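This report walks through one structure, contact by contact. Keep the sequence and the 3D view at hand.

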Amino acid sequence: MDEAIARYPSDHRRSAAMPLLHLWQEHFGFVSDEAVVWIAEKLCLPPINILELVTFYPMFRQEPTGKTHIRVCRTLSCAMAGGFELMENLCTTLGIQRPPAGDGMHNPIRISADGDYSVEFVECLASCGTAPVCMIGEQLYENADVNSIADLLRKQTSNIKHQTSPHPLEHRLIFKNIGRPDWTTDIDCYLRDGGYEQLKQALTLSRADIVNKVKNSGLRGRGGAGFSCGLKWSFIKPDEKRPVYLICNADESEPGTFKDRYIIHEDPHQLLEGILISSYALNARTAYIYIRGEFPEGAKILERAIEEARTHNFLGKNILGSGFDAEVYIHRGAGAYICGEETGLIESLEGKRGYPRIKPPYFPAVLGLYMCPTIVNNVETLCHIRHIIAMGGSEYARLGRPNNTGTRILCVSGDVQRPGYFEIEVGAVTMGQLTYEMAGGLRPGRKLKAVIPGGSSAKVLRADERFKLKQKQSDGSTIEREMSIDEIPMDFDSLTAAGSMAGSGGVIVLDDSRDMVWVLNNINEFYAHESCGQCTPCREGSLWMQKITDRMLRGGGVVEDPKTLKTIGDNIAGRTICAFGEACAWPTQSFVEKFPEEFAARAKKPVPPPLPPEYTPKELIEEQEIPTVPMAHDPGWEKAGAAGTI
Ligand SMILES: Cc1cc2nc3c(=O)[nH]c(=O)nc-3n(C[C@H](O)[C@H](O)[C@H](O)COP(=O)(O)O)c2cc1C
Ligand code: SF4
Ligand code: FES
């Protein structure tokens, strides 16, 4: 416990609250009232500051679980691949009453009568390409066979699968070593492959040189927003007097995204080298890797990598005689998606609930961790830094397309025959090539219905839409081209122009067997569960949208539903503290707009309605229970907002 506390500045002991809660829960199985008081005393805090964490973070429990605790993913790609059947069959085998579908379905933990097992629905475990997945204890089980529960429970080791050979359309830089039979996570293996050479080289350069290289590379963040990495770094003043922090965002929780997990599990030193070069460039003497709580093995792999790097003096005091000191620490999250948002993450790292901060003034580069300048970058972004040093910024910028440079990892899940990860030169592959050539196409006899191209918050694209995209020509001029979904290049600008976004690189493919109300309901359930609750439009609106889509599925739809859904979405987006507001509104806005016929049909109350498999006839509802009157919409508020008076 003392070692965990020592990872944070002495005047910020509160940061150790989550590590201590994890340690307590690992040892005793749950967080008792006694634990709350004990940890609070240890950190000189009032007990409420600990209790508020236990109630906020889904992974902390106030009651014991069964001896073996099983977490089943219920989010979209797993639900499409049989996640609900997996839970159903587990419950039947273990004699547990399954958690009900709909409202509050994933919170309760159900325990078998003998106390040997317990089950819980959880949100996306960042392994959507091998859906359905579950965690038995701390182990992840991928491609779970829903019909062989006994086998699943007998298994002693997890069955993580890797795509050994890259597809010919891939250009692997970050994933160069993933799946290589002779590749291990040991530092010796990394060193044999030229590892830490770029750190050595970077330490001979000036900080400004490195920042310039990153600027010239055109690297855009791979965490979701696609913001220029070099520009972000340049916000840190070279003569900054306050401590500067670097945070590696390894929260990877956007449904459909599963790349950072593989980097951490397979090539931890590549990430560490990227972090150390970046720390040097930013003069950040402390870096934290905020890793999601559901990656316990990943956290152990990184801890080991840090110790190995320390023995070679790649981190610690006076790194390789350069005079630069840097420490890297692991900080585990505890199951809250909102901690992927950079300011929510910072609050969480400070030992508080993951409540995002308002920007301005709390831009991390100005007022970040402990109110000091802080750079938050995604795992994949930080890995690119090493390659930019190796290649030089301009050479790196030749990869991909103008303004969309380098390579990026796309994660394909859903209704394709070969789901998985593919590292491409940004924009060098079209959506059609990705879906049909790389991911093996749709199942026999199926047609493409829609694609969610950048994680579940990205707006859905309908397969039969035509898109008008402006494209730069070699002579510098731009022409507008109309194209089909298959022709859209997989890059930031093209996907934005197509009305969606490249986001976190999680591509979810939907075929013509999918009911779009069901798909949206699953997404809505995720966001309703994950809203941090600070802003009224987001907290109330996300739940309201979910209740409506859920009711439509249960046969309680009314004709106003599609309009109500749209109005709620319109009243969330742009009216919240953080971009979660848009993330939860965009799916509803786009699904209702793009598939009006399906929403209208569900709103007509067929009797009995075609129920999805996870609902039982008992869950049919006939009465209207949710208000359907659109929210009062006063255009005066909008005008006042635009004028900056509210
Ligand atoms: C609701 C929400 C969730 C997010 N989740 C993640 C995440 O899991 N991982 C991540 O790297 N970025 C996530 N982001 C983006 C981060 O706020 C931040 O932009 C990113 O970590 C910056 O790194 P980059 O510039 O390297 O992309 C999220 C943003 C929002 C609004
Ligand atoms: S938009 Fe939602 S998640 Fe973001 S701060 Fe507001 S309530 Fe929290
Ligand atoms: S791991 Fe289940 S949806 Fe992502």
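## A buried charged pair

Glu-380 and Lys-259 are both buried. Buried means under 20% relative accessible area, exposed means over 50%, and partly exposed lies in between, with a 1.4 Å probe and protein chains only. The model is predicted, so local features need pLDDT of at least 70 and side-chain atom pairs count only at pLDDT 80 or more, while totals for chains, interfaces and linings use all residues. Residues are numbered from 1 along each chain as its sequence is written, chains are lettered from A and ligands numbered from 1 in the order in which they are written, and side-chain values use heavy atoms, with hydrogens and water left out.

The side chains of Glu-380 and Lys-259 form a salt bridge, 3.0 Å from N to O. A salt bridge is a side-chain nitrogen of Lys or Arg within 4 Å of a carboxyl oxygen of Asp or Glu. This pair links distant parts of the chain, 121 residues apart. Glu-380 sits in helix H16 (residues 379-391). Lys-259 sits in the loop between strand E6 (244-250) and helix H12 (260-266). Helices (H or I, at least four residues) and strands (E, at least two) are DSSP runs, numbered from the N terminus.

## Other salt bridges

How many salt bridges does the structure hold? The count is 50. Side chains of opposite charge can pair when their charged atoms come close.

One of them joins Arg-242 to Glu-240, with the closest N and O atoms 3.0 Å apart. Arg-242 is partly exposed, at 31% relative accessible area. Glu-240 counts as buried, at 18%.

Another joins Arg-401 and Asp-491 at 3.3 Å, N to O. These two also link distant parts of the chain, 90 residues apart. Arg-401 belongs to strand E10 (residues 400-401). Asp-491 lies in the loop between strand E17 (478-483) and helix H19 (492-497). Arg-401 is partly exposed at 29% relative accessibility, whereas Asp-491 is buried at 2%. Shared partners also join Lys-176, Arg-180, Asp-182 and Asp-193 into one network of salt bridges.

## Around ligand 1

There are 18 residues around ligand 1. Here, near means that one heavy atom of the residue lies within 4 Å of the molecule. Gly-223, Asn-249, Glu-342, Asn-378 and Thr-381 come nearest.

Three of these residues place N or O atoms by the ligand's oxygen atoms. A backbone N or O atom of Gly-223 lies 2.7 Å from an oxygen of ligand 1. Glu-342 also uses a backbone N or O atom, 2.9 Å from a ligand oxygen. Asn-249 brings a polar side-chain atom to 2.9 Å from an oxygen of the ligand. On its own, ligand 1 has 620 Å² of accessible area, and the protein covers 90% of it. Accessible areas come from the Shrake-Rupley method with a 1.4 Å probe; for residues, only the protein chains shown count as cover.

## Aromatic pairs

The structure holds 22 aromatic pairs. Rings of Phe, Tyr and Trp (its six-membered ring) pair if their centres lie within 6.5 Å; planes under 30 degrees apart count as stacked, over 60 as edge-to-face and the rest as tilted.

Tyr-196 and Phe-314 are stacked, with centres 4.0 Å apart and 15 degrees between the planes. They link distant parts of the chain, 118 residues apart. Tyr-196 is in the loop between helix H8 (187-192) and helix H9 (197-203). Phe-314 is in the loop between helix H14 (296-311) and strand E8 (327-332). Both residues are buried.

Why is the pair of Tyr-337 and Phe-526 edge-to-face? The planes of the rings stand at 75 degrees, with the centres 4.9 Å apart, so the pair is edge-to-face. Tyr-337 lies in the loop between E8 and helix H15 (342-349), and Phe-526 in helix H20 (residues 516-530), 189 residues apart. Tyr-337 is buried at 13% relative accessible area, and Phe-526 is buried at 2%. Elsewhere, Tyr-8, Tyr-245, Tyr-288, Tyr-329 and Tyr-370 form one aromatic cluster.

## A buried lysine

Lys-449 lies in strand E14 (residues 448-452). Lys-449 counts as buried, at 15% relative accessibility. The side chain of Lys-449 reaches the backbone oxygen of Arg-514 at 2.6 Å.

Terms used:
Polar contact = N/O pair within 3.5 Å; in protein donor to acceptor, adjacent residues only side chain to side chain.
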